[in-house]
Amino acid sequence: LDGFLTPKDLGGLRLLVSAGPTREYLDPVRFLSNPSSGRMGYAVAEAARDRGAEVVLVSGPTALPDPWGVEVVRVESALEMRQAILERYAWADAVVMAAAVADYRPAEVLKEKEPKVEAERLLRLVPNPDILKELGERKGQKVLVGFAMETGEGLERARGKLLRKNLDFIVLNWVNREGVGFASPENEVVLVFRDGRVEEVSRRPKRQVADRILDHVKALWAS
Ligand code: CTP
Ligand code: CA
């Protein structure tokens with residue numbers, strides 16, 4: 001019932017959120033994927049809903065239940081995610097792209113499960129489209145937020161992504177730190193802005209990280 005008491009400071013905002021991993025099938029029973037749990041993106045969707053936003057959540061496969069009061073679109077592959085997002089882009093005022101989109105997919109998807117196809121044939125990969133970069137190329141007045149999963153320091157790599165994808169800001173998080181990241185209920189991030197400003201968000205529940213991200217979405221949306 002928390003949501004009832006939350007001030008509706010995002011009333012009127014139409015927010016598109018992506019979350020979770022994608023699955024890139026090799027055949028009907030095998031796929032390439034990553035350990036994203038979807039929790040950070042779901043936390044953003046739920047926090048925005050509680051603050052009065054209209055929310056569409058495009059989600060890769062996760063173990064999380066559909067949040068109430070949010071339109072959930074379930075997809076599997078990066079190509080499906082791209083289509084679901086592009087179909088709703090015109091509608092949105094802001095996009096938070098928290099999904100861990102697989103960078104590659106198998107060149108060929110076998111229709112039948114065949115016993116142990118040669119690895120060279122099974123694992124021939126082609127790059128997936130960069131969904132967020134496509135959104136950035138048609139940015140207009142929209143607020144665009146990306147995530148950058150990095151090991152090591154990563155600030156300069158995150159800055160590069162922010163500029164290359166034409167975002168308002170990017171959320172830098174680390175995949176190999178104790179107690180934060182992929183499956184954890186907590187996160188520790190750095191928000192990196194276009195003007196070079198950075199804001200450190202110390203370790204806290206993902207829901208509180210989500211609220212900090214949304215504070216900035218709100219400010220950018222209003223301006
Ligand atoms: N992203 C996307 N489409 C892709 C890959 C990434 O929309 N095909 C988005 C992610 O959802 C994230 C941001 O781009 O918001 C950065 O993702 P990340 O994997 O950190 O960066 P990449 O550009 O894929 O670069 P690399 O993995 O090589 O570091
Ligand atoms: Ca990537």
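Predicted model: local features only at pLDDT ≥ 70, side-chain atom pairs only at ≥ 80, totals over all residues.
Residues are numbered from 1 along each chain as its sequence is written, and chains are lettered from A and ligands numbered from 1 in the order in which they are written.

The protein chain has seven helices and twelve strands. Helices (H or I, at least four residues) and strands (E, at least two) are DSSP runs, numbered from the N terminus. Along the principal axes, the C-alpha atoms of the protein chain fill a box of roughly 55 × 35 × 35 Å.

Burial is judged by counting C-beta atoms, placed from the backbone: a residue is buried if 20 or more others lie within 10 Å of its own, exposed if 12 or fewer, and partly exposed in between. Of the 223 residues of the protein chain, 38% count as buried. Two residues are in contact if their C-beta atoms, placed from the backbone, lie within 7 Å. Among contacts between residues at least 6 apart in sequence, 60% join residues at least 24 apart.

Several strands can be followed through their pairings, where two strands pair if DSSP finds at least two bridges between them. Strand S1 (residues 14-19) pairs with S6 in the parallel sense over four bridges, and Leu15 has Ala94 in S6 as its bridge partner. S6 also pairs with S9 in the parallel sense over four bridges; here Val96 stands opposite Val145 in S9. S9 in turn pairs with S10 in the parallel sense over six bridges, with Ile170 in S10 as the bridge partner of Gly146.

Strand S6 (residues 94-97) is covered on both faces, with Ala94 and Val96 buried on one side and Val95 and Met97 buried on the other. Strand S10 is largely enclosed by the rest of the structure, because five of its six residues are buried.

Which residues come nearest to ligand 1? Of the 14 residues around the ligand, they are Met97, Val101, Ile131, Leu132 and Gly146. A residue is near a molecule or strand if its C-beta atom, placed from the backbone, lies within 6 Å of it. Helix H5 (131-137) and strand S9 (143-150) are the elements that give two or more residues to this shell. The largest share, four residues, comes from S9. By class, the shell has nine nonpolar, two polar and three charged residues. Ala, Val, Leu, Ile, Met, Phe, Trp, Tyr, Cys and Pro count as nonpolar, Asp, Glu, Lys and Arg as charged, and the others, Gly among them, as polar.

The UniProt record, an unreviewed entry, places the annotation "binding site" on Asp103, Lys113, Pro129, Asp130, Ile131, Leu132, Phe147, Lys161 and Lys165. These positions span 63 residues in sequence and their farthest two C-alpha atoms are 37.6 Å apart, so they do not all gather at one spot. UniProt positions are given in the numbering used here, feature names are shortened, and annotations may be inferred rather than shown by experiment.

Two of the annotated residues can be examined further. Phe147 is found in strand S9 and counts as buried, with 25 C-beta neighbours inside 10 Å. Beyond its neighbours within four places in sequence, Phe147 is in contact with Met97, Ala98, Ile170, Val171 and Asn173. Lys165 is found in the loop between helix H6 (155-164) and strand S10 (169-174). With 21 C-beta neighbours inside 10 Å, Lys165 also counts as buried. Setting aside neighbours within four places in sequence, Lys165 is in contact with Leu132, Lys133, Gly136 and Gly146.

Asn166 lies in the loop between H6 and S10 as well. Asn166 counts as partly exposed, with 16 C-beta neighbours inside 10 Å. Its phi is positive, about 60°, although Asn166 is not a glycine. Most residues other than glycine have a negative phi.

Ala222 lies in helix H7 (residues 206-222) and is exposed, with 8 other C-beta atoms within 10 Å. The C-alpha atoms of Ala222 and Leu110 are separated by 48 Å, and these residues are 112 residues apart along the chain.
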